[in-house]
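Please look at the sequence and the structure before you read the solutions.

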There are 6 protein chains.
Amino acid sequence: MKRVDGRKVDELRPVNITRNFTKYAEGSVLIATGDTKVICNASVEDSVPRFLRGQGQGWVTAEYSMLPRATESRNIREAARGKLSGRTTEIQRLIGRAMRSIVDLDKLGERTIWLDCDVIQADGGTRTASITGAFVALIDALAYLLEKEKINEMPVESMVAATSVGITDGEPLLDLRYQEDSTAQVDLNLVMTEEGKIIEVQGTGEENPFSRKEMDRFLELGEKGVKELVKYQKEALGDRVELLLNGKGNNND
Amino acid sequence: MKRVDGRKVDELRPVNITRNFTKYAEGSVLIATGDTKVICNASVEDSVPRFLRGQGQGWVTAEYSMLPRATESRNIREAARGKLSGRTTEIQRLIGRAMRSIVDLDKLGERTIWLDCDVIQADGGTRTASITGAFVALIDALAYLLEKEKINEMPVESMVAATSVGITDGEPLLDLRYQEDSTAQVDLNLVMTEEGKIIEVQGTGEENPFSRKEMDRFLELGEKGVKELVKYQKEALGDRVELLLNGKGNNND
Amino acid sequence: MKRVDGRKVDELRPVNITRNFTKYAEGSVLIATGDTKVICNASVEDSVPRFLRGQGQGWVTAEYSMLPRATESRNIREAARGKLSGRTTEIQRLIGRAMRSIVDLDKLGERTIWLDCDVIQADGGTRTASITGAFVALIDALAYLLEKEKINEMPVESMVAATSVGITDGEPLLDLRYQEDSTAQVDLNLVMTEEGKIIEVQGTGEENPFSRKEMDRFLELGEKGVKELVKYQKEALGDRVELLLNGKGNNND
Amino acid sequence: MKRVDGRKVDELRPVNITRNFTKYAEGSVLIATGDTKVICNASVEDSVPRFLRGQGQGWVTAEYSMLPRATESRNIREAARGKLSGRTTEIQRLIGRAMRSIVDLDKLGERTIWLDCDVIQADGGTRTASITGAFVALIDALAYLLEKEKINEMPVESMVAATSVGITDGEPLLDLRYQEDSTAQVDLNLVMTEEGKIIEVQGTGEENPFSRKEMDRFLELGEKGVKELVKYQKEALGDRVELLLNGKGNNND
Amino acid sequence: MKRVDGRKVDELRPVNITRNFTKYAEGSVLIATGDTKVICNASVEDSVPRFLRGQGQGWVTAEYSMLPRATESRNIREAARGKLSGRTTEIQRLIGRAMRSIVDLDKLGERTIWLDCDVIQADGGTRTASITGAFVALIDALAYLLEKEKINEMPVESMVAATSVGITDGEPLLDLRYQEDSTAQVDLNLVMTEEGKIIEVQGTGEENPFSRKEMDRFLELGEKGVKELVKYQKEALGDRVELLLNGKGNNND
Amino acid sequence: MKRVDGRKVDELRPVNITRNFTKYAEGSVLIATGDTKVICNASVEDSVPRFLRGQGQGWVTAEYSMLPRATESRNIREAARGKLSGRTTEIQRLIGRAMRSIVDLDKLGERTIWLDCDVIQADGGTRTASITGAFVALIDALAYLLEKEKINEMPVESMVAATSVGITDGEPLLDLRYQEDSTAQVDLNLVMTEEGKIIEVQGTGEENPFSRKEMDRFLELGEKGVKELVKYQKEALGDRVELLLNGKGNNND
């Protein structure tokens with residue numbers, strides 16, 4: 001079977017991760033997975049939402065948006081419509097949960113890390129690219145706090161990345177492009193740790209319900225993709241990976 | 001291991017499904033799963049959303065809400081706040097996808113079926129109870145269309161129900177109550193057909209990532225629950241099940 | 001003259017009041033007047049609105065809503081439209097004033113009682129049924145405070161109920177059903193105490209202005225209806241009526 | 001008993017009605033009742049709301065607003081808050097009903113008359129002053145349509161005005177000023193035709209329920225006030241009253 | 001060249017400034033420039049916006065609105081639409097900047113002066129009339145604070161007024177009426193001090209870009225207009241001008 | 001006098017214009033003026049706003065936004081707040097007017113060109129950079145229409161660019177960075193054609209009113225800046241400039 005761009009069924013699109021993409025954010029990443037491009041900015045704020053105040057613990061949250069012309073036809077700007085779509089809300093909640101799942105909020109202290117994921121070009125998989133890129137921006141923001149001695153150790157318990165799997169024309173495929181995604185019978189997003197533990201799985205067979213056996217195949221493909229994505233993250237982070245490992249080391253003492 | 005209400009790990013709460021709960025809706029169901037109670041009303045509207053007009057196909061959509069005092073402490077009414085929460089939006093999109101997944105929209109004709117799920121008492125699992133109850137209301141609304149000769153056959157491809165699975169204190173449990181759910185390390189919602197095909201699976205291990213093997217155990221528990229729920233649906237539908245089977249028969253010609 | 005359901009001109013529809021309808025609210029009532037059914041939940045909150053803070057006095061307020069399919073054709077959900085209709089606002093302000101009129105807010109202490117009136121089936125007279133049912137839920141919530149020794153006496157000065165009167169085909173009628181109401185030339189809502197004192201009267205003769213003499217006939221019919229409704233309330237409250245009388249006794253010392 | 005401004009209990013404040021107050025509106029009135037001043041503009045629009053289209057009948061509707069500093073302390077502008085208060089909604093619905101009650105909408109043809117009541121100074125009774133002033137602006141707008149030969153006769157069935165009655169310090173008083181109104185135990189607004197027929201009555205005894213006998217006294221006082229207000233309207237309308245009477249004459253043929 | 005109302009190219013429309021137009025506001029002015037009429041109310045509030053709290057300095061801000069029928073055809077009320085138009089926002093920001101430019105906010109103390117500009121009739125130049133009128137209302141509000149000894153000196157550094165200039169049929173004209181303005185190729189608003197210093201200039205040649213030389217002619221015309229407007233302001237203020245001069249005197253010590 | 005970055009008083013920051021920045025938009029430009037970076041996407045839509053329908057003419061409009069972390073501290077996303085700030089509204093109206101001023105809307109035909117200006121990094125002058133970049137994106141979108149033979153000639157009457165001028169420490173400076181801008185006593189934005197004609201001038205001396213002579217100096221500086229910016233635009237457009245000139249040639253016949 002030939003995919004539209006010649007990839008194998010279990011092959012990711014090319015991944016590029018650029019750190020320090022903009023100059024003000026504590027962490028700023030441009031991630032490209034194929035033609036999907038997302039700016040992931042991590043900002044540190046010295047306060048927490050009202051429901052956490054005075055508990056000595058931090059918070060990590062995310063916001064997601066697409067430029068109106070990130071897609072083939074122009075979308076109405078959500079700020080102009082005056083409200084977020086259900087899709088946007090779902091995605092930013094997903095990114096937030098993914099990031100919080102690997103951060104030790106107690107060690108973060110009473111501060112919030114905002115992860116702003118702004119899609120400048122969309123070709124499928126924007127939510128999973130956002131998670132993969134946001135993790136790198138998050139590490140840079142945490143490293144900033146470590147350098148400023150606002151925290152004592154890296155409050156990160158694992159590396160995390162995300163990818164999608166789907167069935168197009170009866171064939172399970174890894175990392176769908178928009179052309180594949182829009183005709184997929186099944187669409188599954190997987191957020192996983194470096195160690196292969198599932199943080200979040202969301203699979204929809206609205207067009208074509210799938211069996212438990214197929215489910216297992218999806219997870220297999222997804223795990224392969226996530227492990228490769230983690231390699232790209234490590235490469236992009238360079239020396240900072242040590243920091244992460246050390247942080248983890250301290251963590252285990 | 002003893003559950004808070006004495007159930008076994010793979011045991012559903014008692015299920016009660018009352019049809020014709022209110023008098024105007026074409027389908028009106030009160031579903032109770034333990035202390036969780038949801039009114040599921042199905043309404044037929046003779047038009048479709050703008051994006052479907054003139055295509056000769058129908059639409060099925062859902063809305064979800066909780067009475068302010070469905071829960072232990074009172075929640076602010078979403079109509080008073082002037083916007084839906086992210087949680088509400090996610091849930092009503094989930095219910096809508098679940099219902100559309102088993103309806104043949106072409107056979108429905110240019111009309112919309114609204115499924116209004118209003119939770120009057122919440123003790124965990126309101127979204128899965130909504131799906132299980134909404135399916136019954138949907139069948140009644142479709143039977144109404146059949147009787148009125150607006151459609152020629154039952155445009156339903158399968159029965160569908162939903163339940164939740166979670167890990168509390170390290171133990172995978174079926175059909176969590178609120179007390180179990182609020183301390184769960186993993187929370188997974190499963191929408192499945194009578195035949196055991198997955199329509200939607202959403203699992204979150206924000207607190208505690210889980211392995212692919214655990215995932216399989218969750219699906220096993222969930223499948224057991226869904227199959228029992230389908231039995232309750234059939235019992236509630238009585239003769240109407242025949243209608244459903246005949247519809248399916250025609251469907252296969 | 002024959003009414004559509006065979007009632008006499010001064011006859012109420014059958015009234016049913018079910019207490020403890022849901023399990024979390026301090027007071028929870030399902031009231032049915034004919035086919036009109038309203039859930040009235042009373043919730044106690046340990047704070048008051050900003051404009052009352054620090055004055056040692058309490059507050060009683062109400063919210064009103066209809067399920068989308070409470071009526072013959074489905075209404076758009078106010079939470080989905082993002083704002084309350086003028087009709088909803090008027091009704092919830094009316095219920096709130098009615099409840100405050102018979103509560104001694106000083107004796108209530110710095111707490112708020114919310115009365116949520118959610119119509120699950122509407123056949124005319126939903127606002128007056130809400131008032132009649134909300135009063136019972138209010139008493140249960142106040143009894144809860146008394147039992148918990150948060151208040152020392154029942155801060156209620158009188159029983160209150162409400163009904164509607166109208167002219168259909170030239171004939172003044174008590175307690176209009178929707179079919180009568182929708183063709184009424186005059187529509188008057190009356191909120192009254194057990195003793196026959198008027199708390200609120202709202203009469204509209206938009207279609208057909210009426211004389212002062214007719215006004216008097218409306219009040220006569222309405223008073224008869226309210227006094228019967230109070231009997232239903234007492235019956236539903238059972239022993240709790242004693243509590244109410246004792247409260248009133250203390251009140252007069 | 002001495003009122004704060006020396007009036008008798010059944011005495012209106014001085015009334016001034018200025019026609020043609022602004023230059024663009026088809027009817028433009030400044031009404032002053034004591035220190036309460038309202039601009040009432042009537043605008044003709046050549047279409048009707050969606051729910052009336054194609055039925056050959058017209059519509060009359062009203063909007064009400066107060067300048068932020070119409071009152072002793074500044075109020076937040078509703079346009080700035082982004083929504084109308086419940087009070088504003090209630091008042092503009094009341095004005096609209098009052099105007100529609102005396103217009104024959106079939107004779108108006110498919111057009112809408114907007115009555116914009118903008119309070120520039122408020123000293124009690126702004127809603128009743130709005131109704132009394134809006135009626136005069138409405139007549140001017142209808143006369144404009146008659147002159148332009150868009151309608152053949154005056155589609156007005158009666159003159160209408162409104163006033164308030166209340167109990168302050170135990171004494172029923174006509175036409176309350178703010179100082180009286182804010183301490184009133186009872187507050188009743190009465191919209192009445194020239195012939196003494198009630199179009200709308202809204203009485204609230206939230207602070208102090210009242211008897212049916214007191215109700216009758218309120219209506220007596222209110223009727224006296226309305227009849228005097230109609231005289232002021234006639235005086236302001238001058239020759240146009242003939243038009244009104246002729247219109248009524250035709251109406252009766 | 002003949003202007004539509006016979007004015008010379010550099011001639012203002014007749015100006016009328018009425019002080020104490022309404023009774024509650026600390027400063028209340030009705031300004032008429034030709035048929036454009038604006039109520040400018042100045043209100044003193046004993047607090048400042050959040051971003052200024054605790055800094056010992058005051059704030060001056062403005063809001064602007066038009067009655068729906070201030071114009072030839074009726075506009076939808078912004079409170080009904082639920083949001084301010086871009087035009088309204090721009091204008092009220094402009095008025096606010098103009099007023100702040102001549103007030104010493106440190107000398108004002110921690111209080112806010114609100115300038116509400118409500119256009120009751122619009123014939124071009126409503127924003128510049130609002131500024132010219134608001135200045136007079138501001139002085140009255142500041143004089144009130146001086147009399148109440150809440151401030152020690154007049155915190156005003158200069159007089160300020162505003163007018164418009166435009167090119168119609170190739171001819172630069174001062175103070176455009178709506179008929180001229182709507183066909184103008186260039187439209188320039190000028191806010192200037194009595195001394196001829198520019199506070200704000202906004203010129204648009206969307207239809208017809210203009211040269212730097214023309215720009216200079218516009219400023220010449222505008223300066224002439226502003227200086228005449230300041231005379232009208234002084235005349236209206238009467239004795240209060242002394243206060244202003246004394247304030248300035250102290251200011252220079 | 002030494003500027004913070006060593007520039008001369010009349011020197012622009014380095015300018016970089018990248019075309020085809022994203023792949024879907026008909027025109028897509030990344031403009032950098034120093035550290036200010038804006039994505040300017042031009043989208044063609046085959047319809048016009050309601051107020052222009054059926055008139056055979058086109059429309060050009062703009063939207064403007066900043067990524068939350070485009071600035072030193074994070075701003076709340078306007079989509080999250082549910083409304084546009086006054087600043088955003090003003091800027092996008094300004095960009096829209098600037099673009100329309102040089103497009104012949106009749107020759108564009110019944111279609112809309114949207115110019116989306118999204119600031120990814122802000123260091124002063126974002127609105128003027130948006131205009132300068134949007135012009136280039138606009139030309140690419142128009143060239144696309146020309147190639148597709150949807151229009152016959154380039155409907156552009158002139159080149160347009162924009163820059164800012166201000167007074168910092170008493171010295172008039174061209175093209176302010178944020179550090180200069182935030183302490184400027186005067187701030188003036190200038191939109192000008194290649195030929196030196198003013199399309200829009202907005203100058204504010206809220207902190208320090210300025211004289212007509214200073215105004216002239218600002219325009220001189222600004223004109224120098226705009227002419228240099230037009231050179232950068234031409235360089236970026238390359239061959240497309242010919243198209244523009246030819247279009248203009250036809251225009252003059």
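**Exercise 1.** Describe how helix 2 of chain A packs on helix 2 of chain B, given that their crossing is left-handed.

*Solution.* The model is a predicted one, and the description begins with geometry, since two packed helices are described by the angle between their axes and the distance between the axes. For helix 2 (residues 86–101) of chain A and helix 2 (residues 86–101) of chain B, the angle is about 110 degrees and the axes lie 9 Å apart. Angles of 65 to 115 degrees count as roughly perpendicular, and therefore helix 2 of chain A and helix 2 of chain B are roughly perpendicular to each other. The next step is to list the residues: Gly86(A), Arg87(A), Thr89(A), Glu90(A), Arg93(A) and Arg97(A) on one side meet Gly86(B), Arg87(B), Thr89(B), Glu90(B), Arg93(B) and Arg97(B) on the other. Sorted by class, this contact of helix 2 of chain A with helix 2 of chain B holds eight charged and four polar residues, and no nonpolar ones.

**Exercise 2.** Determine the relative direction of helix 6 of chain C and helix 6 of chain D, and the classes of residue in their contact.

*Solution.* Helix 6 (residues 212–237) of chain C and helix 6 (residues 212–237) of chain D pack at about 155 degrees, with a distance of 11 Å between their axes. Angles over 145 degrees count as roughly antiparallel, so these two helices, helix 6 of chain C and helix 6 of chain D, are roughly antiparallel. Their crossing is right-handed. From chain C, Arg212(C), Met215(C), Asp216(C), Leu219(C), Glu220(C) and Glu223(C) meet Arg212(D), Met215(D), Asp216(D), Leu219(D), Glu220(D) and Glu223(D) of chain D. The classes in this contact of helix 6 of chain C with helix 6 of chain D are eight charged, four nonpolar and no polar residues.

**Exercise 3.** Find how helix 4 of chain C packs on helix 6 of chain C.

*Solution.* The angle between helix 4 (residues 126–147) of chain C and helix 6 of chain C is about 30 degrees, and their axes are 10 Å apart; the crossing is right-handed. Helix 4 of chain C contributes Thr132(C), Phe135(C), Val136(C), Ile139(C) and Asp140(C), while helix 6 of chain C contributes Leu229(C), Gln233(C) and Leu237(C). By class, the contact of helix 4 with helix 6 of chain C has five nonpolar, two polar and one charged residues.

**Exercise 4.** Characterise the second largest pocket by its volume and its lining.

*Solution.* The space in the second largest pocket is about 400 Å³. Its lining has 20 residues, and nearest its centre lie Glu206(E), Glu207(E), Arg100(F), Ser101(F) and Val103(F). Helix 2 (86–101) and helix 3 (105–108) of chain F are the elements that give two or more residues to this lining. The lining residues of the second largest pocket comprise seven nonpolar, five polar and eight charged.

Technical notes
Residues numbered from 1 in each chain as written. Chains lettered and ligands numbered in written order. Predicted model: local features only at pLDDT ≥ 70, side-chain atom pairs only at ≥ 80, totals over all residues. Heavy atoms only, no water. Axes fitted to C-alpha atoms, helices over the stretch in contact; angles between N-to-C directions. Helix = DSSP H or I, 4+ residues; strand = E, 2+ residues; numbered from the N terminus. Parallel < 35°, antiparallel > 145°, perpendicular 65-115°, else oblique. Left-handed = near helix turned anticlockwise from the far one by under 90°. Contact = heavy atoms within 4.5 Å. Nonpolar A, V, L, I, M, F, W, Y, C, P; charged D, E, K, R; others polar. 1 Å grid on protein atoms, 1.4 Å probe; cavity = no way out; pocket = protein on both sides within 12 Å on 5 of 7 lines; lining within 4 Å. Points joined across faces, edges and corners; volume = space filled by probe spheres on them.
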